[in-house]
Amino acid sequence: MLALRNQVVKKTLTRSFASVATQTVTLVPGDGVGKELSESVKAVFKAVEAPIEWEQFDLTGHISSNDDLMKKTLASLRRNKVGLKGILYTPVSRLGHTSFNVSMRKDLDIYASISLIKNIPGVQGRFNDIDLAIIRENTEGEYSGLEHQSYPGVVESLKIVTRYKTERIARFAFDFALKNNRKKVTCIHKANIMKLGDGLFLNTVRDIFEKEYSQSGISLNDMIVDNASMQLVARPQQFDVLVLPNLYGNILSNVGAGIVGGPGIVAGTSIGREYAVFEPGCRHVGEDIGGKNAANPTAMMLSAAMMLKHLNLNKYANRISNAVYRTIEQGDVKTRDMGGNSTTTDFTKAVISIL
């Protein structure tokens, strides 16, 4: 049975200037460190007087019977069009429920995931001069969830690749490159082995480029996923925008986070034609440090700043992101993942003091 707190929709209003219309955003704090990080974001939004009203749903992946709350959360996202979300726990056990994260992306058709992998001054990465975007198809591939046991001890898991969904993620990646003044898109695949599935993905990306973007000023190349994994930890500066099927995008986003300083600093979002849900780009629940006031809120704050830009609230977005970057660069307040001993609260207060 759901706890009473999970049945209540919480509405909180960030104080705003009278001249700016208040916009309602769905907030799903998530599991693990999600609640602490969401509280940090709300505190920063209040300090900057961002004109946002939060419609909060304490959805959790630790309870399998969350169907009613999930429906209310989805209804809120459909109504508000924009959400900010932490990561929801997904059980590994065969008896566990399907991922609420994946269900949300499929139900809302938020098909494009963006993870921004870049160095932040003040955070020690394994390389310098990294600035790349990983664009992942979010609704099919290995995450289709179509598995069955055809014979005892034999399991078949279906990987779905469609031309339609590959065409739209390809266009999204090329348009992203053009809008953000990036010069090269790399298609990641395993078409040498999965000649039909990954072959369709690769050939569709190539076809869209030749027909629609070959004269745009950006270039296209491709790389086999195992080689791309090695190249990402050997010479990551060669990459600009990567477009990938679902599972490869998940793996390389995590690898990318590892070379710039960890999941706590990687911002991201999932976007569709109608809806956008902003969430950390490296999807770690942080169960081991949840409730310990130790998590780095940078990724959640920067994802929230991306959300404000999406809502055309650039002034507030820039103030928040600049305050986060200045806090990190000054080096006085560092959470454990950045080599310090500061708490989530300490970092949040430092950002607010700059604001």
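1. A nonpolar core is a set of buried Ala, Val, Leu, Ile, Met, Phe, Trp, Tyr and Cys residues joined through side-chain atoms within 4.5 Å. Keep that in mind for the points on the interior. Note also that this is a predicted model.

2. Start with the whole chain. It holds 10 helices and 13 strands. Its C-alpha atoms fill a box of roughly 55 × 50 × 40 Å along the principal axes. A compact globule of 355 residues would have a radius of gyration near 20 Å, and the chain agrees because its own value is 20 Å. Of the 355 residues, 53% count as buried.

3. Next, look at how the chain meets itself. Take the contacts with a separation of 6 or more. Residues 24 or more positions apart account for 76% of these contacts.

4. The largest nonpolar core has 86 residues. Those with the most contacts inside this core include Phe 45, Ile 52, Trp 54 and Leu 84. Phe 174, Met 307 and Leu 308 belong to that group too. Which helix gives the core its largest share? Helix H8, residues 298–310, supplies 8 residues, the largest share.

5. Met 307 then contacts Val 25, Phe 45, Trp 54, Val 82, Gly 83, Leu 84 and Phe 278. Phe 45, Trp 54 and Leu 84 are also on the list of residues with the most contacts inside the core.

6. There is another core, apart from the largest one. This other core has 14 residues, among them Val 28, Leu 59, Met 104 and Tyr 275.

7. Turn to strand S3, residues 52–56. Is S3 largely enclosed or largely open? S3 is largely enclosed by the rest of the structure, because 4 of its 5 residues are buried. Strand S2, residues 23–28, pairs with S3 in the parallel sense over 5 bridges.

8. The charged pairs come next. The count is 14 salt bridges. In one of them, the side chains of Arg 168 and Asp 109 meet at 2.6 Å, N to O. Arg 168 sits in helix H4, residues 163–179, and Asp 109 in the loop between helix H3 and strand S5. The two are 59 residues apart, so the pair links distant parts of the chain. Arg 168 counts as buried because its relative accessibility is 8%, and the cut-off is under 20%. Asp 109 is partly exposed, at 28%.

9. Arg 171 forms a salt bridge with Glu 212, with the closest N and O atoms 2.8 Å apart. Arg 171 is in H4 and Glu 212 in helix H5, residues 197–213, and the pair is 41 residues apart. Arg 171 is partly exposed, with a relative accessible area of 28%. Glu 212 is partly exposed as well, at 40%.

10. Finally, Arg 182 and Asp 240. Their closest N and O atoms are 2.8 Å apart in a salt bridge. Arg 182 lies in the loop between H4 and strand S9, and Asp 240 in the loop between helix H6 and strand S11, so the pair ties together parts 58 residues apart in sequence. Shared partners join Asp 131, Arg 182 and Asp 240 into one network of salt bridges.

Conventions. Residues are numbered from 1 along each chain as its sequence is written. This is a predicted model: local features need pLDDT of at least 70, side-chain atom pairs count only at pLDDT 80 or more; totals for chains, interfaces and linings use all residues. Side-chain values use heavy atoms; hydrogens and water are left out. A salt bridge is a side-chain nitrogen of Lys or Arg within 4 Å of a carboxyl oxygen of Asp or Glu. Buried means under 20% relative accessible area, exposed over 50%, partly exposed in between (1.4 Å probe, protein chains only). Contact means heavy atoms within 4.5 Å. Two strands pair if DSSP finds at least two bridges between them. The radius of gyration is taken over C-alpha atoms; the globule rule is 2.2 Å times the number of residues to the power 0.38. Lists of a residue's contacts leave out its neighbours within four places in sequence.
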